[in-house]
Amino acid sequence: MKPRAAGRFAGLPLPAWLIMLSSVPLLGGVARLLHLSSGDPPAAEALRFAIAPLPVTLHIIAATFYCLVGAFQFDSGLQCRWLALHRLLGRLTVVCGLVVGLTGLWMTLASEIPSGLQGELLRVVRVAVAASMVAFLVLGVMAIRAGQVRRHLAWMARAYALAQGAGTQALLLLPPTLAFGEITGLVRDLAMTAAWLLNLWVVEWVLAQPAQAPVARRAVGTRGQA
Ligand code: HEM
């Protein structure tokens with residue numbers, strides 16, 4: 001039977017969907033880095049990035065690698081055929097994921113983010129998301145070191161889903177932004193939070209599907225266990 005995680009959805013393989021989901025924040029990141037490196041005077045709304053370019057630069061570079069390479073890490077077909085590559089890229093992806101979470105936490109707590117773009121709700125949620133992402137990655141590494149493949153897959157999927165909140169946020173916020181202009185305040189906080197919750201719900205639903213077990217076992221051969 002064809003493994004579910006290697007399946008196609010509406011004719012496209014899973015990595016293609018994941019890369020499409022991340023495309024808006026990744027393109028935004030490229031634009032931000034180009035602007036920061038251009039030497040042009042920053043606009044008022046981007047001053048915080050010019051004052052402290054390190055966290056946002058690390059954040060964007062790590063997020064780009066994490067989203068793009070991470071998308072292929074969940075393809076069980078590639079896991080089966082290229083296990084050594086999966087392991088090598090997995091180590092790099094975990095490091096990048098940790099950098100994404102920690103720099104996200106850094107900016108949440110230390111950056112002068114205008115209250116319209118980050119109210120108290122979003123601040124608390126971002127701290128929780130960043131801390132959870134780091135914790136999930138650590139749990140994922142611990143699981144695979146203990147030979148627990150299904151648990152490894154589950155924790156890594158949860159960490160990736162949290163990171164991909166950036167893509168879902170873009171999807172949720174783009175239509176109202178195009179219709180009404182920039183969305184700020186509590187509505188924005190709620191939309192950002194909803195995107196993370198939606199991603200977590202989707203990943204838990206996928207993990208609950210029975211086809212995950214054989215996929216995980218086949219990917220790592222005899223070491224597979226819960
Ligand atoms: C891997 C997926 C992610 C991508 C692609 C991504 C992308 C970006 C980009 C491009 C920026 C710069 C925004 C701008 O130029 O205006 C940014 C900022 C930021 N990101 Fe992420 N991010 C990701 C995950 C996360 C996570 C998991 C957190 C956890 C809390 C986070 C927290 C932040 C914060 C706090 C800022 C600063 C926002 C501001 O100053 O307005 N990001 N991110």
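**Close-up views of a predicted model**

View 1. Leaving out neighbours within four places in sequence, Asn199 is in contact (heavy atoms within 4.5 Å) with Ala161, Gln164, Gly165 and Thr168. The model is predicted, and local features need pLDDT of at least 70, side-chain atom pairs count only at pLDDT 80 or more, and totals for chains, interfaces and linings use all residues. Residues are numbered from 1 along each chain as its sequence is written, and side-chain values use heavy atoms, with hydrogens and water left out.

**View 2. Thr168 in helix α8.** Helix α8 covers residues 165-180 and includes Thr168, which is buried at a relative accessible area of 6%. Not counting residues up to four places away in sequence, Thr168 touches Leu21, Ala195, Leu198 and Asn199.

**View 3. Polar side-chain atoms facing the ligand.** A polar side-chain atom of Arg32 lies 2.5 Å from an oxygen atom of the ligand, and one of Arg48 lies 2.7 Å from an oxygen atom of the ligand. For His59, a polar side-chain atom is placed 2.8 Å from a nitrogen atom of the ligand. The elements that give two or more residues to the shell around the ligand are α1 (14-38), α2 (47-51), α3 (53-73), α5 (83-110) and α6 (120-145).

**View 4. The shell around the ligand.** Of the 21 residues around the ligand (a heavy atom within 4 Å), Arg32, Arg48, His59, Thr108 and Ala163 come nearest. Helix α3 supplies the largest share of this shell, five residues. By class, the shell has 14 nonpolar, four polar and three charged residues, where Ala, Val, Leu, Ile, Met, Phe, Trp, Tyr, Cys and Pro count as nonpolar, Asp, Glu, Lys and Arg as charged, and the others, Gly among them, as polar.

**View 5. The chain as a whole.** The chain has ten helices and two strands, and from the N terminus on its elements run β-β-α-α-α-α-α-α-α-α-α-α. Of its 226 residues, 42% count as buried. Among contacts between residues at least 6 apart in sequence, 73% join residues at least 24 apart.

Terms used:
Polar contact = N/O pair within 3.5 Å; in protein donor to acceptor, adjacent residues only side chain to side chain. Helix = DSSP H or I, 4+ residues; strand = E, 2+ residues; numbered from the N terminus. Buried < 20%, exposed > 50% of the residue type's maximum accessible area, 1.4 Å probe, protein only.
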